[in-house]
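Let me put the model up and then walk you through it.

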Amino acid sequence: MNSINVRPPEYLLFEAKRETQFITGSEAVKEAVRRANIDMAISYPITPQSESMHLVGDLYAEGYIKDYFRGENEFAVMSEVSGASFGGVRVFTATCGPGTMRAFELFPMWAGARLPIVCAFMTRGVNAPLTIQPDNIEMGFLLETGLLMVFAETAQDIYDMLLASFMVAEEKDVHLPVGVFMDGFFITHTREQVRIISEDVCLPPYNPKTAPVAVMDMETPPFRLMRDPFVMKSNFVSYAAHASWQQEVRAAAVRSKKHFNKYLKSPLEIENPSAEIMIVAGGTAVSQAREAIVMTKEDGIDVGLVKLKLIRPFPSTELALACAGAKKIFIPEFNIAGWLAKEVASIIPDNSRIIGAPRVYGGMTMPPELIVETIKKNV
Amino acid sequence: MSEQITRVCPEFVDVMPREYLELIEKGPWSGDKTLKDTGTFKELVEEHPLCAGCNLALAFRSIMASLPNPADTVMVGSTGCSSLIFMQAAVHNIHGLFGNQNAIASGLKRALELRFPGRTKDVVVMAGDGATADIGLDMTLHSWFRQEKITTVMFDNELYANTGGQESGMTPRGKVAYMAPTGKKFNKINMIELACGAGCHYIAAVTSARPMRIGDSIRKAIIIARDLGPTYVQILTPCPTNLKIQPEETIKMAKDVEQERYAFYEYISEEAKMLLSSMEKNK
């Protein structure tokens, strides 16, 4: 490992010269982590996530990460990363599907404890019956955990969003965990051209002293000293203490938006905004929609596209504006629940415009023809 | 909260709670205080919120009065009665979830080692028997397998006390409890043996009736954990509320159980013995 120079996040994300490499999504995770100045990473195997954490392990062996180990299960790993974060270091892990479900109790705890953990989710279906195939239903379950959520369409997104996520998570007016989501296999195990910067620069280190809550290191006075803990009390003050903290966590999520806007440039991207038919999508459904739009154009049907990059906090105003002129809004998804369609329906007027289709799940692919067919049937 | 990092603004001294000021002025921060000095210093805020006669509270006080390095000790707890008294002590304490205390402590200890190389930061896990031996058993054992440099303390009241007295793995066989209406059908988990098999360098079983022994075991456990790896102290802490005994009878009960089936036990690995004797020589 050669010497590494700390540079501002703006330099890494926007200014530094980039070169193109032909790499997988898992390798894009590795290249982002290499430059993220991470102190510790903790892993646990699950398909299709494992490869990324193998590669992160290689970075530890190369000296880019100071501590790394395999935990005993996802609940334990998410606990171990929280211990590390409580102790004031920058920490990374990744999981998916059944692993997400096993660790579930930790995600609201991370948010409630204001831990700026970054976790990648290589989404996968959940059992039963047993499946290891891509399906992003776990995102629907995670929407109200307090986790900030960004959704990658490509390996390029994975690389850029991971670097951005550490910066947003650690902002002192945010200090919340960020999940970086990607459709498992579809982009983790395929190669594409990714523009990345040289290996000799990295993000500034995490400074735990800027945390809005005390770091558990006995370097500051304990502030919770009390004789009667709130949990013992059945009274208004104890309820109000918990309620106001929940509000504060959500307020911190709202405050994260300006930082996401800065580092992701925008919470969503719009193509062909004047079209009367719009597709709203996230993840690889965006790529499939792009292909479909080329095909509908040949048939003389004009279709626009909204790519959602930020899922939590949800870019409600921006999306409502982007859909203001649309007569039909199609929402293709890789899950049976249609969590994104429900999300969109909850924030835009005139829901009769929404067609929550096509939906594929259980590992099925989404051919662009399926999107075209769905559009033609409904217009 | 050592006196080096805590100062009360002179203008606020008259409105600060008395006990907070006392913790600053007469806290245990020098690290050379033991139970024998109790009364000459303040280890935690008085008037605990647990039941009258609670032996967990008694054991907790014995521990807090014996920490070898309180100014640099972080506690990790779990859900249960013990989680209600941690904030009475002036040391950082983490409540994570139910059962994941040893996993949190593993990440925490490693983080503190990265951030404070060459400085001693002790991580002490304190949790009940349900958290340690039932819901969190995998994480307890795996932290020991991985040789994490942490001390694990179990408050063994032999049942789930905070939820109202249900059977736990540490309940003795045959005992009738909630969720074991005809008596527990299997033996009390032998955590001492498991700790030994999993590679703990110091193991002790004591009862709440022996505060001096608790103090001695805790000091050894923390000092050995710093250098060598995991250590385990199991403390019998009878629960008056769920065992339906009078508050004043709990210490007698601890003594009776000690006679019957909870004799003092101490295991020190060869490496740990060498460490302790070299420390003794260097004194």
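So, a question to start: among contacts in chain A between residues at least 6 apart in sequence, what percentage join residues at least 24 apart? The answer is 83%. Keep in mind that this is a predicted model.

Now the overall picture of chain A. We have 13 helices and 16 strands here, and the C-alpha trace spans about 70 × 60 × 45 Å along its principal axes. For 379 residues, you'd want a radius of gyration near 21 Å from a compact globule, and chain A comes in at 21 Å, so the two agree. As for burial, 51% of those 379 residues in chain A count as buried.

One element to zoom in on is helix 8 of chain A, residues 155-170. From first C-alpha to last, its 16 residues reach 23 Å, and that's close to the 22 Å expected at 1.5 Å a residue. Of those 16 residues, 15 are buried, so helix 8 of chain A is largely enclosed by the rest of the structure.

Okay, on to where the two chains meet. Chain A puts in 36 residues and chain B puts in 36 residues. On the chain B side, strand 1 (73-77), helix 3 (101-115) and helix 5 (137-145) each supply at least two residues. Which of the elements gives the most to that side? That's helix 3 of chain B, with eleven residues. And if you sort the chain B side by class, you get 21 nonpolar, nine polar and six charged residues.

That's my tour, happy to chat.

Terms used
Residues numbered from 1 in each chain as written. Chains lettered and ligands numbered in written order. Predicted model: local features only at pLDDT ≥ 70, side-chain atom pairs only at ≥ 80, totals over all residues. Contact = placed C-beta atoms within 7 Å. Helix = DSSP H or I, 4+ residues; strand = E, 2+ residues; numbered from the N terminus. Nonpolar A, V, L, I, M, F, W, Y, C, P; charged D, E, K, R; others polar. Expected span 1.5 Å × (residues − 1). Buried ≥ 20, exposed ≤ 12 C-beta atoms within 10 Å, placed from the backbone. Rg over C-alpha atoms; globule rule 2.2 N^0.38 Å.
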